[in-house]
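Subject: Model handover

Hello,

Here is the model for your files. My notes on a pocket and on the ligand site follow below it.

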Amino acid sequence: MDPKLFPPENPVFGLLAMIGRTPLLEIRFSVRGAPRRIFAKYESMNLSGSIKDRMALYILGRAYEEGRIREGDEIVEVTSGNTGISFSAVGRALGHPVRIFMPNWLSEERVKILQGFGAEVVPVAKEDGGFLGAIRLAEEWASRNDRTFLPKQFSTDWNVEAHYRGTGPEILDGLRSLGLRPDAFVAGVGTGGTVMGVGRFLKERVEGVKIHPMEPSNSPVLSTGRKGGVHRIQGISDEFVPEIVKLEELDEIVSVADGDAILMAQRLSRFLGLAVGISSGANVCAALKVLEEQDPETIVVTVLPDSNKKYLSTDLFSDEPERSGYLSPHVRPKRVRAFRCP
Ligand code: PMP
């Protein structure tokens, strides 16, 4: 990230060069035979391989600044995915013990990756309340042990700030160096940190820019306010609308079918060598959908949050049927150009 974000005496300073400042990609496609392009940040180049490293590093940096965490304190988080991996990697790099509470029905490889980073993994069964039960257990643990730090990714403003001060400025500077400016940004909502942080930064600086949250069409939590359904775009649309998401600050919600997201992620890998995860496929579908409604020269930006490596046992590596209404069967990825962060 920007080396000026934290001073050299902050313990996170020594890791800033491994997180953020990711390449900005210009990806060209043929969509229903017509040339189209979008821009995307390539986030699997971060330390532990996902966009969540930005949040983990930033939250810890701010917590040190405010004396909320001290050397040797245990980091306690509830997560099923990238956040746990990021806090484990960054936490261990800074010498903290890490304890992760997670639902026990998640994949074996996730548990192994976390344990490989030296984290203590506490499985939580459905009978103990599943995801919400895991949150309760983590809070109980922290209240009984005083040398603990709970990052609380779904409610802390530091999650939004990580993107307001990192991802957002990188996107604007990256496009500026190409003589361009963003017209729209779209991103799937997990905690909402990405869409809220980048969104606020761009809205303050680019008149008329549109900021679109994306959700799975089979789990319309944002557009209905109801509990989410089962879907395959891991990392987004959990069971509730996160506290940091303020829909009134955002533009129209874009929805993407999980099968369409899987097909798009497979195409990005097969045609362009971009080995991305399912939410990246969903974000690209969403960006192309936004573009379809606009002038073809519109500059639409998104993020590719992680790589395909954690999805080896999922449908990302099977034959996914093409269905009517999907966009990806009409899309042929053509070319990618990467630009270093200026
Ligand atoms: N994609 C993946 C793979 C993720 O792990 C996450 C984070 N949960 C997201 C997208 C969404 O990011 P955010 O939490 O900033 O909304």
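Which element gives the largest share of the lining of the second largest pocket? H4 does, with five residues. Please keep in mind throughout that this is a predicted model.

The second largest pocket holds about 240 Å³ of space. Its lining is made up of 13 residues, and the closest to the pocket centre are Ile135, Glu139, Lys152, Phe154 and Ser155. Two elements each give two or more residues to this lining: strand E3 (74-78) and helix H4 (130-144). Sorted by class, the lining residues of this pocket are eight nonpolar, two polar and three charged.

Now the ligand. It is surrounded by 16 residues, of which Lys52, Gly190, Thr191, Thr194 and Ser279 are the closest. By class, this shell has 10 polar, four nonpolar and two charged residues.

- Asn82 places a polar side-chain atom 2.8 Å from an oxygen atom of the ligand.
- Gly192 has a polar backbone atom 2.8 Å from an oxygen atom of the ligand.
- Gly235 has a backbone N or O atom 2.8 Å from a nitrogen atom of the ligand.

On its own, the ligand has 390 Å² of accessible area, and the protein covers 93% of that.

Regards

Note on methods. Residues numbered from 1 in each chain as written. Predicted model: local features only at pLDDT ≥ 70, side-chain atom pairs only at ≥ 80, totals over all residues. Heavy atoms only, no water. 1 Å grid on protein atoms, 1.4 Å probe; cavity = no way out; pocket = protein on both sides within 12 Å on 5 of 7 lines; lining within 4 Å. Points joined across faces, edges and corners; volume = space filled by probe spheres on them. Helix = DSSP H or I, 4+ residues; strand = E, 2+ residues; numbered from the N terminus. Nonpolar A, V, L, I, M, F, W, Y, C, P; charged D, E, K, R; others polar. Near = heavy atom within 4 Å. Polar contact = N/O pair within 3.5 Å; in protein donor to acceptor, adjacent residues only side chain to side chain. Areas by Shrake-Rupley, 256 points an atom, 1.4 Å probe, with all protein chains shown as cover.
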